[in-house]
Amino acid sequence: MDIVTEAILGPFQYGFMVRALLVSVLVGIMCPILGAYVVVRGLGFMTDGLAHSLLPGLVVAALVVSVISSSWLILVPNAIAFALIIGFLSKRTGLSEDTSIGILFAGLFALGLTLLTAARGLNVSLESVLLGQVLGVSRSDVMITAVLAVVVIVLLLALHKEMVFSTFDPLGASVMGLPTQVLDYLLLVLLAVVILIALQAVGIVLVISMLITPAAAAQLLTQRFTLAMLVGAGIGTASAIIGLYLSFHYNLASGPVMALSATAFFVVALALKQGTARIGGRMARSHA
Amino acid sequence: MDDVTFSAGPNCLMGVVGPNGAGKSTLFNAIVGLLKVDEGEVLIHGTPVDNAREHIAYVPQHENVNWRVPMSVWDVVMQGRTKNIGWLRRPKLADRWLVEEALEQVGMIDRRSALVSNLSGGQRQRVFVARALAQGADVLLLDEAFSGVDIASQEALVTVLHELRDQGRTILLSSHDIGHVAHYCDECLCINCRVCACGAPEDVLTPDLLMEMYGPHGVGSIHGEALDGHRH
């Protein structure tokens with residue numbers, strides 16, 4: 001094998017790298033598709049808050065995993081519950097949305113950190129929770145990630161036109177009789193599930209980067225919402241794979257490198273956008 | 001709002017006017033069923049609004065639309081078909097025809113691929129009117145129909161609205177500008193937390209009524225403007 005082939009295929013002689021690749025690609029596809037909604041609806045802070053509020057659930061799941069068959073049995077319902085709670089708080093308390101979310105997420109994150117330090121002998125490190133540990137995913141994690149990804153994709157495809165309508169013009173959609181509130185909550189639930197999937201790859205702190213950065217880059221490059229989702233999924237997948245390779249070859253933490261790759265794509269997209277705007281401006285002036 | 005009774009028939013373009021805070025948006029939200037009325041009822045073709053959703057369409061105010069979502073003119077008008085297409089399904093040929101027809105009617109067929117956010121205020125309003133037509137609605141509500149719409153675009157929008165009225169539709173448009181309503185509308189509904197008057201603009205827009213709605217400061221300028229508008 002020559003050096004290039006070795007560099008590309010070499011890592012995958014290890015089972016853990018194949019599993020890591022599968023999960024990373026799924027994360028790379030799913031995050032920007034949901035992220036397209038996060039970007040245009042301005043849900044960045046809510047998404048970050050949702051990711052942080054899952055920490056206590058992660059710790060509890062790790063504590064009782066020997067009793068139950070899979071930690072996902074706790075993680076998924078926990079994520080869905082917090083998505084609904086955050087959605088409710090953002091609409092119903094008298095406080096502003098960011099204040100309600102800030103209070104909830106800081107409180108729950110602090111609870112999670114306290115539990116993590118109090119539970120001695122726990123097989124979970126703070127670093128892997130915060131930054132992701134994609135090299136440590138098991139076979140069943142891959143399977144469950146794939147199943148959850150398929151469920152989310154099917155729901156998003158099935159409700160695409162309704163979801164886009166209520167994102168673009170919520171009042172018009174309500175007048176037509178679409179259940180816009182239900183769609184809002186459903187979007188948060190799907191978001192929570194995707195955050196859960198992504199936690200394995202990039203951890204709590206950097207989930208936001210996989211959700212919004214590729215989606216934002218795609219929206220700079222395209223002029224159609226649906227197309228932006230697909231381009232975003234491409235950028236997300238590329239970021240995840242590049243991150244995985246770099247982390248393998250240079251022994252770096254994979255989550256941060258994936259996030260950095262996504263950021264690099266965003267910078268390139270921004271430069272391209274600015275460049276074409278300038279060229280367009282010059283052409284318009286020369287025609288004038 | 002209190003004590004609101006009025007009716008608008010077919011072939012009617014009704015302007016809803018009142019000072020800021022008079023309840024124009026509240027009234028519209030109650031008509032389309034987004035706000036529940038405490039007492040009384042809203043009937044569309046004699047049935048409660050919840051059972052007549054296909055007949056009614058809403059052209060939103062500029063600030064109620066999320067312009068960050070990049071949407072083409074075609075896609076926005078196709079939204080009018082959402083209910084008819086149904087959950088889980090994609091548009092059929094018949095839906096495409098209706099969208100095309102609606103775009104032709106408002107004179108926006110040539111811009112079908114343009115991004116709605118790149119259009120002028122008046123063109124956007126026409127796209128939303130086309131969405132209402134694609135839906136098959138015969139009662140149209142336009143909230144602050146002329147805000148952010150320049151004079152030339154206003155004329156184009158009003159021409160479309162007059163055509164739709166002549167085809168038998170009922171159109172309610174709210175505006176804080178009495179001049180526009182006096183100029184363009186067949187009937188005028190004056191509100192200020194209640195219905196102050198309802199009828200032909202030349203009958204209802206009297207100095208006394210303007211005094212009641214806008215107070216002494218507004219009367220001189222507004223009355224002049226309203227009459228000017230009507231003389232055009």
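**Figure 1. The contact between chain A and chain B in a predicted model.** Chain B gives 20 residues to this contact, and chain A gives 20 residues. On the chain B side, strand S4 (56-59) and helix H3 (82-85) each supply at least two residues. S4(B) provides the largest share, three residues. By type, the side of chain B that touches chain A has 12 nonpolar, five polar and three charged residues.

**Figure 2. The buried residues of helix H1 in chain B.** H1(B) covers residues 24-31. Lys24(B), Leu27(B), Phe28(B) and Ile31(B) are buried here. Viewed down the axis of H1(B), the buried residues fall within an arc of 95°, so they line one face of the helix.

**Figure 3. The packing partners of H1(B) and the residue Gly33(B).** Gly33(B) follows H1(B). The phi of Gly33(B) is positive, near 85°.

**Figure 4. Cys193(B) in the loop between S7 and S8 of chain B.** Strand S8 spans residues 195-199. Cys193(B) has 15 C-beta neighbours inside 10 Å, so Cys193(B) counts as partly exposed. Leaving out residues up to four places away in sequence, Cys193(B) touches Met1(B), Asp2(B), Ala22(B) and Gly23(B).

**Figure 5. Cys193(B) and Leu27(B).** These two residues are 166 residues apart along the chain. Their C-alpha atoms are separated by 9.3 Å. Leu27(B) is one of the buried residues of H1(B), whereas Cys193(B) is partly exposed.

Definitions and conventions
Residues numbered from 1 in each chain as written. Chains lettered and ligands numbered in written order. Predicted model: local features only at pLDDT ≥ 70, side-chain atom pairs only at ≥ 80, totals over all residues. Contact = placed C-beta atoms within 7 Å. Helix = DSSP H or I, 4+ residues; strand = E, 2+ residues; numbered from the N terminus. Nonpolar A, V, L, I, M, F, W, Y, C, P; charged D, E, K, R; others polar. Buried ≥ 20, exposed ≤ 12 C-beta atoms within 10 Å, placed from the backbone. Arc of directions from axis to C-beta.
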